[in-house]
Number of protein chains: 2
Amino acid sequence: MTKKERQRIVILGGGFGGVYTAMYLEKALGRRDDFELVLINKENYFVFQPMLAEVVSGSIGILDTVSPIRRMLPKTELHVREIESIDTVGQTIITAPGFNLHPKVISYDHLVLALGNVTDFRGLRGLPEHAIPFKTLSDALYIRNHVIHVLEEAAIEPRDSDLRKQLLTFVVAGGGFSGVEVVAELNDFIRGVIKNYQIEESEVRVVLLHALDRILPELDEKLALYAQNLLAKRGVEVRLHARLDAATGVEALLADGSRIPTRTLISTVPSSPNPLIDLLKLPKERGKLKADASLLVENTINIWALGDCALVPMKDGGLCPPTAQFAIRQAKTVADNIVASIRGGQFKQFHFKELGKLGALGHRSAVAQVFGINISGFLAWFMWRTIYLMKLPGWGRRLKVAASWTFDLFLPPELVQLKLTNSQGVAHEHFEPGQEVFHQGDIGDRIYIITSGKAEVVKRDWERDISLAHLGAGEFFGEMALLNQTTRNASVRCVEAMDVLSIPKREFSALAATLPTMRENLEKVMARRQAQRNLQAWFETRL
Amino acid sequence: MTKKERQRIVILGGGFGGVYTAMYLEKALGRRDDFELVLINKENYFVFQPMLAEVVSGSIGILDTVSPIRRMLPKTELHVREIESIDTVGQTIITAPGFNLHPKVISYDHLVLALGNVTDFRGLRGLPEHAIPFKTLSDALYIRNHVIHVLEEAAIEPRDSDLRKQLLTFVVAGGGFSGVEVVAELNDFIRGVIKNYQIEESEVRVVLLHALDRILPELDEKLALYAQNLLAKRGVEVRLHARLDAATGVEALLADGSRIPTRTLISTVPSSPNPLIDLLKLPKERGKLKADASLLVENTINIWALGDCALVPMKDGGLCPPTAQFAIRQAKTVADNIVASIRGGQFKQFHFKELGKLGALGHRSAVAQVFGINISGFLAWFMWRTIYLMKLPGWGRRLKVAASWTFDLFLPPELVQLKLTNSQGVAHEHFEPGQEVFHQGDIGDRIYIITSGKAEVVKRDWERDISLAHLGAGEFFGEMALLNQTTRNASVRCVEAMDVLSIPKREFSALAATLPTMRENLEKVMARRQAQRNLQAWFETRL
């Protein structure tokens, strides 16, 4: 690394790890200018994760839980972009294009990897298409709007119909902190608003699935059992030893073979480090970056890692847990050590003893474990609110949250469904055997392409079902909708677990008219390339 | 019409006209049950239109300006659905499918048409693809998020670059009340936050286009000129006699041939009645339903029309203007007359004298015309806030708005960009001659299909531009992106005004593999149908 006048520190990720690293570095910078700061994050805000579940229930405003990064970090250059690639050899980051399509290359002297983790549904049948993660502000809003949508639809369906039951069943998978917080808020919200929909309390089913023998494995068993009982008392069905295996648009499928009909499946598991970390050629273990006690990635001199994407050793021999408390303290060490390596000085070793753990259970209850003491119920809830309110960045934000909490004490829950896009576009869907894609007589304005699996076309004629055709991968159905026929003249039923791509009528014509030629063209190019490759291989064997 | 025990009144539309009609009808219903109410609206909330512009600037919270219809109308059955069709002969409404695809048919005894109007870009080159309407809550949020996105991008572009200039130019077309309110709030917001982006005041350009010789034609000339001067003083470029003619993703094209490079084009004009009204076989004029003074649609006995989709005669001979004041009073007449026709009694004739007009100009200024008196500046602004706060439905909502306004006095404007969807999907785009679709070296992950117009493929080689090909309707380009080539090896430039459909790489493969067969199949079906039709025609000539 050549020593330049002014070094550039590039931080990837705008969660607790990234934002607090930048904040400590800004403090260290003061009036000097021996380094500059760039932070790259795909959103322009920092999410205060502990309050995210309250967005679902609306007890705080939509924007109360997030803070604009620019305001928190006035001396940092913020790039609101997706990251396209990280080159640790050339020491550059390429970001995905914004309004212009020209790639943007940012070089660094020090790189801070604080990319966190993601909910990762890959490889789980139907989950990528139909399960809703709970990680970002968009997820929280999406859940909220979806739940209101579902209630609106349930209200106009006849009582005791299968559809109404599906609509009124809400499933959350994962009994860790975030799963428990979201199921608690969701349950409070739904039971608080159903009277506006003329829906009975007994019609609503809220289910929490957890794979192990008790929820909240992070906490002491007594507190976990307290939480479990409290949720049960409020009407949440806690199912232990229940692992979510697959999903369709209408069901959650469990590993033991049982099925829960539902239109709302939220899953907080499984989580894995950001996919960008996967691509890096750096020392890793269980997908996470191996950092040393100074938070340098092993075998590097200018790449730092912290937070949920890093494995950081603790003084007593264990590894840091993936919590905000640790990320914030790690950020301090990273900032100090970067400053030391620029200005000279000794590296610090990360050391921190956890203060405690807090988990909200909705409606004026929480569990807490502070300095080894267990607290539950109203007192823990009061602690939760006080501690997190003080930890929320910025006085403006604190004021707004305090106001929202006050209103929430006496005003009814917010019921507005926010739709930002109306377009349904091209969609991926998963079906399980026996499930109907559509039914004879339904309104149809989409065509379907089977990407894998099998289906059967069935026509009901004079009370008899006649099988018209079997369809497999690469085949399609529903195309009659394009001939201005708006009701389906047969039903299509899944025979073998099936993935489909569905296309709205409106987009189809332009696609169908051009794609054949385009495909031919591509095949020619590919054939030519293969021929060149063969020729080259032939030459190489001769040399 | 057969007399039933209990009559069903179906109201279409959840704006001022529809919601207030239902509200008056609920009052008339009291404890009786001789009629029931159904209201169909595509959102579950009522928008308090006058405050919508404040959502753009964030001086009120996102949800402060809307109220859940269920809470306002506890005795009305609400269907949150799009309307598929209206059958005035069979007296039924069919709504678009929700979670299940089965059509829902709702019959009525009385029908209330309060469908309002829509911003209608049809037939205007490039506007449907690139202009943003300002009518609904989604529009207001979209504008807000788009503007923040644009500022984020401008902040990381070099000063004086063309792209930065485009990004920092904001154009609003239409100088009526809503255009003026949105341009005022937008201008306040942008100039209030640019310091967080290290953007200079002088780099920002906010333009208001108006086709006539002065803005706010609804108001007295003196007030309109006051507003015009105030906007100009705050940095808004007011362009009179300027009619928006066409748009691309990077420019607004005016009727006089001039062009304004911009990435943000908002248009409040032209407006036309809801397309559903078009399809009705009822007496109309200029696209609006002709109602009589009792608000019955002419030649009908149970179809009522009010608000912006109706032409209602005034006592003095004119027609009612399309404002909330009139819609609310018309709603009272509609409700009274429906009750009279169910329970017996005389029809009332609509009569109302306008109280006044109010228009906000952002930052503590407004114009008002009340009982013939002109008021402007701070006093008008104070009146505006007081009157509208009291008119806002529900105490909870009023409290929240008052709190937001209070915070807004001393807290900096909200800067969070809310993205609810990340997918870009299949998109429609419009290009004008000379404009580049993409540039050699750009990152490419989409293919393009030309639906109309022409383009040229140009490769720059050794400082020379070589034209490689000309493309027309039905042809495509950018397909090399599919062969894992991520940078474009040539530029594509529009030669004749061109519409394209662009498809992300990810969706392409499944489409390309299946569409050819699907198309063949469709052609066969169509040929068969044609043959049948020919045969039938042949038979008919013989009979």
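This is a predicted model: local features need pLDDT of at least 70, side-chain atom pairs count only at pLDDT 80 or more; totals for chains, interfaces and linings use all residues.

Guide: Residues are numbered from 1 along each chain as its sequence is written, while chains are lettered from A and ligands numbered from 1 in the order in which they are written.

Visitor: How many helices and strands does chain A have?

Guide: Chain A has 13 helices and 32 strands. Those are DSSP runs numbered from the N terminus: helices are H or I, at least four residues, and strands are E, at least two.

Visitor: What share of chain A counts as buried?

Guide: Of its 543 residues, 43%. Buried means 20 or more other C-beta atoms within 10 Å of a residue's own; exposed means 12 or fewer, and partly exposed is in between, with C-beta atoms placed from the backbone.

Visitor: Now helix 8 of chain A. Which of its residues are buried?

Guide: A:Leu223, A:Tyr226, A:Ala227, A:Gln228 and A:Leu231. The cover over them includes helix 7 (177–193) and strand 13 (205–209) of chain A.

Visitor: How far does that helix reach?

Guide: Helix 8 runs over residues 221–233 and reaches 18 Å from first C-alpha to last, close to the 18 Å expected at 1.5 Å a residue. The expected span is 1.5 Å times one less than the number of residues.

Visitor: What comes just after helix 8?

Guide: A:Gly235, which takes a positive phi of about 105°.

Visitor: Which residue other than glycine has a positive phi near 65°?

Guide: A:Asn299. That residue sits in the loop between strand 21 (288–290) and strand 22 (303–305) of chain A.

Visitor: Is A:Asn299 buried or exposed?

Guide: A:Asn299 counts as exposed, because it has 10 C-beta neighbours inside 10 Å. In chain B, phi of B:Leu216 is near 45°, and B:Leu216 is buried, with 24 other C-beta atoms within 10 Å.

Visitor: New topic. Where is the cis peptide bond in chain A?

Guide: Between A:Val269 and A:Pro270, with omega about -10°. A:Pro270 lies in the loop between strand 18 (264–267) and strand 19 (271–273) of chain A. In chain B, the bond from B:Val269 to B:Pro270 is cis, with omega near -10°.

Note on methods. Two residues are in contact if their C-beta atoms, placed from the backbone, lie within 7 Å.
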